[in-house]
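Subject: Structure for your review

Dear colleague,

Please find below the structure that I am handing over to you. My notes on it follow directly after.

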Amino acid sequence: MSKRGYAASKKLLTGLIGAPIAHSASPAMHERAAEALGLRGHYQLIEVAGADAAGLAMMLEGVRRLGFAGVNVTFPYKEAVVPLLDELAPAAATMAAVNTVVARDGRLIGHNTDTTGFARAVAPLLAPSGNAVAVIGTGGVGKAIAFALASLKVTDLRIFDSEPARAEKLAALLARHGGARVATSVEDALRGATGLVNGTPVGMLPNRDTPVPTSLLRENLWVADAVYSPLITPLLAAAQAKGARIMTGRELAIYQAADAFELFTGLAPSTEVMGEAFDEVMAARSSAYHAA
């Protein structure tokens, strides 16, 4: 539907495919952004764990046929959806990972706003020169983060994954975009690094682990986490205790959502409004957690 079409219909149906997603702040952000633009938005959580290709294709067919403007895609389906779509935007095709599917004229088009969102979020942490950044995890979000850093001209990019073959595959994809070195361990990735990004779901509630041993964190290191539930993950808490600068998953969550909303509608949402909605969700969740 065109920008004019959304303004005329006043209705907007979007959603999120993934598991687990009950914690997601996306419904609040997207619905509040729609309301601010005079639209009646509904953002549907589509939580199906363990879906195979056929099951995922069935969900996407529903998106195609049921009037969705599009859906976001999260763990564990960001890579699995790629071969099931009709078309990929160039960046999504390059990294073979999708977090946003736009429905247009019966076709499903894959995009990746994790990349654009993370680039916007992390830019203030990067020095004008001399950035050496370690990315832990090379799945869907890890890929997007690595490509975002490459787009920001981080020339010393180290990537580590507990499955070395996945890291090697990402390094091959990055070869034409500044390149990346596959680290043999977390310690190897962090040696001499100026920044660290967790691109894994480790630390997302109810998990309370950290992907990086506390002993490897230090004051002269900035640390970012893609996880936002909780906002201060065990990794970020440990980094703060060492005096490191940190970046929570808040900015990535807001910016990727804003970029996705604009792809769905052709309308630029207010990141301030989306941020307020995000903060309200997190505050309510914190209150419920402490009350329990």
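Is Thr138 buried or exposed? Thr138 is buried, as its relative accessible area is 1%; buried means under 20% relative accessible area, exposed over 50% and partly exposed in between, with a 1.4 Å probe and protein chains only.

Please note that this is a predicted model, in which local features need pLDDT of at least 70 and side-chain atom pairs count only at pLDDT 80 or more, while totals for chains, interfaces and linings use all residues. Residues are numbered from 1 along each chain as its sequence is written, and side-chain values use heavy atoms, with hydrogens and water left out.

Thr138 lies in the loop that runs between strand 7 (132-136) and helix 6 (140-151). Helices (H or I, at least four residues) and strands (E, at least two) are DSSP runs, numbered from the N terminus. Beyond its neighbours within four places in sequence, Thr138 is in contact (heavy atoms within 4.5 Å) with Lys143, Ile159, Phe160, Asp161, Arg166, Ala167 and Leu170. Between the C-alpha atoms of Thr138 and Glu163, which are 25 residues apart along the chain, the separation is 8.8 Å.

The second site comes from a record. In an unreviewed entry, UniProt places the feature "active site" at Lys78; UniProt positions are given in the numbering used here, feature names are shortened, and annotations may be inferred rather than shown by experiment. Lys78 sits in the loop between strand 3 (70-73) and strand 4 (87-88). With 11% relative accessibility, Lys78 also counts as buried. Not counting residues up to four places away in sequence, Lys78 touches Val73, Ala97, Val98, Asn99, Asp114, Gly140 and Val141.

Helix 9 (residues 234-241) has Pro234, Leu235, Leu236, Ala238 and Ala239 as its buried residues. Their cover includes strand 10 (195-198), strand 11 (222-225) and strand 12 (245-247).

The C-alpha trace spans about 55 × 45 × 40 Å along its principal axes. Of the 292 residues, 52% count as buried.

Yours sincerely
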